[in-house]
Amino acid sequence: MSEPPATAFDPYLSISASAGCGKTYTLAHRVLRLLAMGARPDSIGAYTFSRKAAGEIFDAIVEYLRKAAADPRAAERTSAAMGLSRSPEAFMGDLRALLSQLHRLRIGTLDSRIAQMLSAAAVELQLPPEFALLDGQGPEARFLHEQTLDGLLAPGVLSEESKEAFLGSFELTTQGLAENALDRKLLEMISDHRSVFLLFPEAEAWRHPGGGLEVREPPRALPEEDRSLLAAHLRESLGETALPELLKLIDSCEAYTPGKSWSKDRPTGALAERLLQAEIGEEILYRRKPVPLTEEQHRGLKLLLRHPSGVELERAWMQTRGVFGLLAAFEERYMRTAMARGAVSFEDACALITGFHHLPPGALAFRMDGEVAHWLLDEFQDTSTLQWRAVEPFVDEVLQDAGGERSFFYVGDVKQAIYAWRGGNADLFDRVRERYAEKIRMEPMDVSQRSAPAVLELVNRLMDAVPEMEGFPAGARAKWNAQFRPHTAAERHLNLPGTARVVERHDKEDEAELALLTELLRTLDPGLEVAVLVRSNRRGADLADGLRREGFSVVQEGQSALRNDTAVEAVLAALTLAAHPGDRFAGRVLEMAGWEPDPRELLRSVHEQGVARTLQSLVRSLPLEEDAAFSRDRLRKLVEAGQEFDRMDLPSIDRFLAFVDRTYLKEHEARGVIRIMTIHQSKGLGFDVVFLPLTASMSFVSVETHSLVTSAEGREPGWVLQLPQKEVCEQTGGLDAEFERLQAESAYENLCNLYVALTRAKQGLFVLLPPAPAKGGSLNVMHNWIRHRLEGGASGGAAGDPLEFGTTLAAYGDVSLPAPERSRPAVREPLPMRLAAGRAVLPRLEPSRADAESRDLGRTFHRIAVDGRALGSRVHAILEKLTWTDEISLEALLAASGEPGDSPAAGHVRRAYDFEALRMPKGVKNLWREQHFESVMPEGWITGIFDRVVIFEDGAWIQDYKTNLRSGSDTVAHYAPQMALYRGVLADMLGFAPEKIRCQLLFTHTGDVVEVI
């Protein structure tokens, strides 16, 4: 065998790799090179972001060594990849060395490495020797948050002065808008903002103006007396001939106070914008007519118009300080509680390591510095600032080692940075390289080992050299163009059959989208692995329902509730009845299961033996049939949840039931079916064919106001602000630039989302667009942006046969795709649970579904979402936020939902605003919106969702939104059985006579309200 010559080893290397270019392959061969150079296996630390990815790295290393040790040709290929000549015998020696050190290998997650660091300082931190690390988003961590909050508000814990300050911070934060559900609001706020607090623990960062945010000439909130005098002076000086619009602006500005609604009460309109933007002069143009104004009048109007923005800016600063007060009080008690219990999250571990001052400087690094000589970090673009702060001192030691016996390697793709929402900081990728520019060499990787040339042609067409576009942030464009390089296919894929198409559907209605998706799916070879990528789980559920009705085998991937099984529900019903003997629903569940556990014995067992042992006893006595494998697996996980709960030392059945409600399980991957998942879930995966259906409302720029935002990474001093409205930012010097930065960051992240979705495809890529708007459209909207990118270029290939439900805008590659040859595992549906063999079970009815189909009680439990596809889901999501149409304006509702005013969903909501039934009636006592229910009735087990229920003293209205194209008698008759079931369920729930409940169908397409008798 001719051995390739050895290449020089680069100890400090950064690889910027594109999607599908073989990051795992490169990292694995870096480890092989280190082993071949004599590095001890336990001196190499290879870290990534999930156990699955770490397992793939380990498997790849062992597999490459195994093959190279057994086959001279494989040894030659591996030698070439690692850049060092190596014989099969030498590879066998490396394999033996690796396997002999399996128990000491450091291939795992970055969080696991940080946990090891925490162990080194456990004594000084006064952590128990056997402390536990929790998933920060898991049920146990959430319970710890609840415990901390309960303890904080318990009598005698805080002084009255401290408690008043704590709740005062909450009032500042919410401005009195969240008086109900105090605990839930507090927990939501803590969960959403705690990571920011850990990054900015000093109060100065949260206090304007000392926090580092340079604000120039901010709008001022005028005192009431000054405001009234100025308004009176303007009215008098303008005289009776003044425009009515000017007088309205003066009135609304004078009346604007902190209790007013920005969306409803602030002065708006073209005249207000012109007055704010125009320079002071003799006149201002309005409706093509000059409006004469003196310099004094113009200056006074401008000052008055900036008053509402000043009110909102002051409110933003107050709310920011309120959030800090909440978090500071919570954090102090939380860390004491967590440390005493020996249960901290990975996020806590990072904060403890980076903020550790009990040891002399460098002492912690000295304890652990010799453990890892070679650092390898995978998916570096997803590293959070806290994680990097924890490991940076060790990496810094490696990079400053003059002996040259240590190394540092990191690989990632900032174009796939889609995890900023959970702390990922892609800017670290370039900042690390820039800081160590003299040491670290950067190497690009742009040859795709995944995709066919046709797929890459479309990827390059859409993503390469993004031009200047009106309405699209220039900062996002510049950052993207600096990162993206055209992709090429690997040599082995140059002849791989492929097709890539952009298709516009003919009709804007959702039925047309499903019809187009169905039409294209039926052209594919059934042996191909197909994925449909969406932006949200709710949209995925809608598409999954639609495709199943068309006869396709579909699985929606993600997480499912632990109690999503009949057997689990039966066990939980037994516990519920033990804690609440009068619970009729739990009693009926056990009655149907033919099972009668002793409630008193269960209650005693929970308090004496704990939840887990009680559950084990219950599971053994449950009358399951032999083939109920799925239910047995869920019950095993329920017992594991009980063990986790028992560690918290909270012997309460109600708390355990709440714990189970918050426990979700990751669903297993499925093959041989159409897989529907979010773009985030698809990262790291590849599929033969990918469909990317875009909605009319998918935009690039989405900056969430009233959320906490922080200074750019690396800026000192840092600052935190609860972002006010866009208009306030635009009127505030300094804050306007920060808002532009946030818009650019949002657009860049959405470019990354689009890129990730496009690059999951191996052979087939179908981008499905809604119809183009009649009058152009904003390039901030994704489907308009894609059309703009396709303009003026050749399609690159045959479009194939004409489509019935769409038009091909661009096509690359082959018309048809052959399925690759591979063995496919058989796909088996989970077996239903059967309780009390031979006993009749009630049918399960789902009236929310169009066909109101029934299923056996023994089938898996799950909550049924509102039927309908993307449009119906969007309309329901917007109207869920509606209380009464006379309480919130249409514009405010659409703005709060982030819905463009010209979208199809906005048209349905606009028509709903004409419904008298949605105005607040006299005597109303309560209002339910999107209320899930489960009820046992004579007809069967009924599950569904009330869209809207208006409750009075002695009756109620059920209002059900429908987006149907027609509202005739046939349509109403179709829904009559559903509404009859709803009436029976609500009557049973509220104790009303059925005749006291009115059922209304609200048709948002036709504008009709129909009473169902």
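Reader: Why is Phe 380 called buried?

Author: In this predicted model, Phe 380 has a relative accessible area of 0%.

Reader: What makes Trp 388 a buried residue?

Author: The relative accessible area of Trp 388 is 5%. That value is also under the 20% cut-off, and therefore Trp 388 is classed as buried.

Reader: How many aromatic pairs are there, and why is the pair of Phe 380 and Trp 388 called edge-to-face?

Author: The count comes to 27 aromatic pairs. For Phe 380 and Trp 388, the ring centres are 5.5 Å apart and the planes stand at 90°. Centres must lie within 6.5 Å for a pair, and planes over 60 degrees apart count as edge-to-face; the two rings therefore form an edge-to-face pair.

Reader: Which residues belong to the cluster that contains Phe 380 and Trp 388?

Author: Ring pairs join Phe 380 and Trp 388 with Phe 408, Tyr 410 and Phe 429.

Reader: How do you know that Lys 479 lies over the face of Tyr 748?

Author: Lys 479 is placed over that face at 4.4 Å from the ring centre. The distance limit is 6 Å, with a further condition on the angle to the ring normal. Arg 948 likewise lies over the face of Trp 884, at 4.9 Å from the ring centre, and this value is also within the 6 Å limit.

Reader: Where is Ser 18 placed, and why does Ser 18 count as buried?

Author: Ser 18 is in the loop between strand 1 (12-17) and helix 1 (23-36). Its relative accessibility is 0%, which is under 20%, so Ser 18 counts as buried. Leaving aside residues up to four places away in sequence, Ser 18 touches several residues, including Lys 23, Asp 413, His 487 and Tyr 755.

Reader: What is the make-up of the protein chain as a whole?

Author: The secondary structure comprises 36 helices and 30 strands. Of the 1013 residues, 52% count as buried. Among contacts with a separation of 6 or more, 76% come from residues 24 or more positions apart.

Reader: How do you know where the coordinates should not be read in detail?

Author: Where pLDDT is low, predicted coordinates should not be read in detail. The chain averages a pLDDT of 82, and 85% of the residues score at least 70. Over residues 823-842, however, pLDDT stays under 50. Over residues 849-868, pLDDT also stays under 50.

Definitions and conventions:
Residues are numbered from 1 along each chain as its sequence is written. This is a predicted model: local features need pLDDT of at least 70, side-chain atom pairs count only at pLDDT 80 or more; totals for chains, interfaces and linings use all residues. Side-chain values use heavy atoms; hydrogens and water are left out. Rings of Phe, Tyr and Trp (its six-membered ring) pair if their centres lie within 6.5 Å; planes under 30 degrees apart count as stacked, over 60 as edge-to-face and the rest as tilted. Buried means under 20% relative accessible area, exposed over 50%, partly exposed in between (1.4 Å probe, protein chains only). A charge sits over a ring if NZ of Lys or CZ of Arg is within 6 Å of the ring centre and within 35 degrees of the ring normal. Helices (H or I, at least four residues) and strands (E, at least two) are DSSP runs, numbered from the N terminus. Contact means heavy atoms within 4.5 Å. pLDDT is the predictor's confidence in each residue, from 0 to 100.
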